[in-house]
Amino acid sequence: MPTIRARLLVVLVVLCGFPTVAGPPPATAATPTGSLWFDGSPLTVRGGRFTDGQGREIVLRGYNVSGETKLEENGGLPFASVADARKSATALRALGGGNAVRFLLSWAHAEPVRGQVDTAYLTAVTEQMRAFLDAGLRVHPDFHQDLYSRHLFHSSSWYTGDGAPEWAVAAGSYPKESCGVCLFWGQNITQNAAVQKAQYDFWHNAYGLQDAFLDTARATMSYLRQHLTTAEFAGIVGVDPYNEPYAGGYDSGQTSRTWERDLLWPFYEKFRARMDAAGWQDKPALVEPNLYWNANISTQKQEGGLLDAGTLGPRYVFNTHFYDQKAISGILMWGKAADGQYAADFATVRDRASATGSAPLVSEFGHPLSGTVSDKAPTVLKAVYQALDSRVPGARWWTNPAASGPVLSGTQWQWDLYNGRHHEPMNGNPGKVITSGDGWNDEDLSAVRLDDSGTVTLRQDARLLDRLYPSATAGTALAFTYEDRSRDGSAALTWNPVPGSLPNVAKLVGSGQYGLLVWRSGSGTAPTELHLPASFPTASTTVVSDLGAEYAPPAHTATTPVGVAPEPGGTGSRRLLLTDADAGVQHYALVTNGATAAPSAGLLNAAQAELAAWAAARL
C-alpha cells in the first residue's frame with residue numbers, strides 16, 4: 001500500500017482460505033480488440049525477465065486498482081460497478097499509459113464467515129477483473145492487508161486497517177489497540193500492540209489463521225481459473241500472496257533475516273503449492289520480502305530481501321515496494337528530488353532480483369498529492385520513473401548507457417476513481433464519514449479522480465504518467481532512457497538533455513520529449529514494441545533507427561520495419577512496432593515528438609549517423 005503515512009507498513013495481504021469453488025469452465029473468448037498475431041500469450045519468467053510466448057522481454061507498467069478495496073463502502077471491491085471498472089480500465093490505458101494493473105483482493109470479504117467462501121464476492125471480483133483483461137491490460141491479483149484488519153480498531157480510533165475478517169480478530173482476543181503518540185499511520189506496525197500480536201499470530205499459524213488464509217487463497221484462485229476464459233487467464237501475470245509482510249515481533253534470538261528464512265519463505269512455499277493445486281502452476285508467485293528490507297531511513301531498515309531463499313527461478317518473482325520515507329517525513333529531506341535520486345535504491349532491487357535468478361517487480365511506489373509534502377511529488381515521481389527506466393542518472397546516461405541494466409516493471413500507487421468522493425464510515429462509525437482523498441488513514445495518492453461530469457481526470461502531469469517505454473523487446477534490452485519533460489509547477493524538468501556531441505539529434509529533439517532504446521535482436525519474428533503516449537501523435541512523431549528513419553510513421557504491416565498500430569483493448573492507445581530480420585544484432589531507435597514540421601531527409605540521415613556512431617562506441 002502507499003506508504004505515505006506508513007513509517008513502513010506491514011501490509012499483509014490476508015485473503016482467506018477454504019475449499020475449492022467448483023463451477024463450469026467458461027467458453028473460450030476472443031482476444032481483446034486490436035490484437036495482432038503476437039499478442040495475448042501468457043507470460044513466463046526466463047533469464048531474470050518477464051517473457052511472452054514469442055520470447056520477447058516484457059515490461060509491465062501501470063497502477064494499483066485500487067485502495068477502494070480497503071474500504072467498506074463498495075464491499076471490499078475496487079469499484080461500485082462493472083461499468084466503473086470498464087471506465088477505469090479504458091482511462092488507465094488511454095490516459096495513464098498502462099499495460100498492467102495490480103488488482104487488490106480482500107480476505108475479509110472473500111471469507112466473512114470462517115470456512116465459507118463468499119462466491120458472490122468472487123463473482124464480482126471476476127467481473128471487475130475481466131474489465132481490465134478486456135482492455136488488453138495484464139493483471140496480477142494482490143491479497144492485500146494493512147495493519148492486519150480494520151476489526152482491530154474501535155469506532156473512535158484515529159486509524160484503521162484492512163485485510164483479515166472479523167472472525168480472525170475475534171479468535172485472538174487482542175488487547176485494545178493504541179498507537180500512543182503516532183504521527184503516521186504506519187507507526188502502528190511497530191507501536192500498536194494489537195497490530196503486532198495479530199501479525200505475529202498469523203505468521204505462527206495461531207488458531208489456524210494461516211491455514212484458513214491459504215485455503216481461501218486456493219479457493220479464490222480456483223474460482224478465477226474456472227470462471228475466466230483461456231484467453232482471459234492468459235492475461236493473468238501471477239499473484240502476490242501477501243502485501244508488505246512483517247513479523248509483528250521477533251522471538252528470542254530471531255532476526256529479520258531468520259524470520260524471512262524460517263517463517264516467511266515456508267509460507268510462500270505453501271502458497272505456491274496452493275497455486276499449483278488451483279491450476280496456476282504455470283504462473284509465478286510474486287513474493288515480497290520483509291517490508292523494511294529496502295527502507296531508505298537507516299533506523300527503519302532491517303536485513304532481508306529473501307537472502308536465504310536460494311535461486312527463485314521461474315516459479316517466483318522478486319516483488320518489492322519503494323516509497324521515499326525521507327521525503328514523506330517532511331523532516332529528513334527538506335528539498336526536492338533530483339536527477340539520479342533513486343538510482344542506488346533501484347540498483348539494489350535489480351541486483352537482489354538478479355541474485356535470486358528471478359524477474360524484478362516494483363508493485364508499489366508513490367507520494368502524497370496533498371498535504372505538507374505534496375510539493376515534492378512531481379520530482380519524487382519523476383525520479384522514481386527514471387530509476388525504473390535505467391540505473392544510470394540522466395547526467396551520465398549518454399556516456400554510460402551500457403550500465404542501464406534491465407528496465408523494471410512497476411505499478412504506481414494508485415488509480416482510484418472515487419478520490420475525493422468517498423463515503424466511508426471509518427471503522428463503522430456513522431459519525432465519522434470520510435470523503436476526502438483516498439478515504440483511508442488520510443492518504444491521498446490517487447493519480448486520478450472523477451470530475452463533476454463523471455469523466456476520469458488525471459491529478460498528475462500527463463507527461464509524467466503516460467510514458468514511452470519498451471513494453472516488449474524482441475531480444476534483449478541493452479539500454480533505455482526517457483526524457484518526459486514533466487513539470488514541477490510551471491518549470492519543465494529536463495534531467496537528460498541530448499548532449500552537444502550529437503548536434504543533429506539535439507536539433508531533431510528540440511524541446512520535445514524523447515526516448516531511446518538499444519537492444520540486441522533475438523531469434524523470434526515478433527516486433528519490438530514501445531508504448532506511444534498521447535503526447536506523441538502519429539502525425540508528429542519522429543523515429544530514427546538503424547531499421548529506418550520516419551516522420552509520421554506508417555501503419556504497421558508485415559513489411560514495414562517501423563510502423564504504428566493500436567494497442568489491444570480498443571481504448572485508442574497506440575504502440576510503435578519495430579521489426580528486425582536478424583538475431584544477435586544490436587539495434588537502436590530514438591522516438592521523439594520534438595519536430596514541429598517534417599524534418600529534412602538530410603537532418604534525419606545526419607541524426608541516424610550520429611546515433612549509429614554513438615551506439616557503436618558506447619555499447
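Is glutamate 244 buried or exposed? Select it in this predicted model. Glutamate 244 counts as buried, because its relative accessibility is 2%, and the cut-off for buried is under 20%. It sits in the loop between helix H8 (230-234) and helix H9 (256-277). Check its backbone too: phi of glutamate 244 is near 45°, a positive value in a residue other than glycine. Most residues other than glycine have a negative phi.

Aspartate 442 lies in the loop between strand S12 (433-434) and strand S13 (448-450). Aspartate 442 counts as exposed, at 62% relative accessibility.

Now look for cis peptide bonds. One joins valine 65 and serine 66, with omega about -20°. Serine 66 belongs to the loop between strand S4 (61-65) and helix H1 (82-94). Another cis bond runs from tryptophan 413 to glutamine 414, with omega near 0°. Find glutamine 414 in the loop between strand S10 (409-412) and strand S11 (424-425).

Select helix H12, residues 377-389. Its 13 residues reach 18 Å from first C-alpha to last. Twelve of the 13 are buried, including Val380, Lys382 and Tyr385.

Turn to the surface. Ile331, Leu332 and Trp334 form a nonpolar patch there, with about 410 Å² of accessible area together. Isoleucine 331 is in the loop between helix H10 (325-329) and helix H11 (343-356).

Finish by coloring by pLDDT. The protein's mean is 94. Residues 1-25 stay under 50. Where pLDDT is low, the predicted coordinates should not be read in detail.

Definitions and conventions:
Residues numbered from 1 in each chain as written. Predicted model: local features only at pLDDT ≥ 70, side-chain atom pairs only at ≥ 80, totals over all residues. Heavy atoms only, no water. Patch = residues over 30% accessible without salt bridge, like charges linked within 9 Å, V, L, I, M, F, W, Y side chains within 5 Å. Areas by Shrake-Rupley, 256 points an atom, 1.4 Å probe, with all protein chains shown as cover. Salt bridge = Lys/Arg side-chain N within 4 Å of Asp/Glu carboxyl O. Helix = DSSP H or I, 4+ residues; strand = E, 2+ residues; numbered from the N terminus. Expected span 1.5 Å × (residues − 1). Buried < 20%, exposed > 50% of the residue type's maximum accessible area, 1.4 Å probe, protein only. pLDDT = per-residue confidence, 0-100. Contact = heavy atoms within 4.5 Å.
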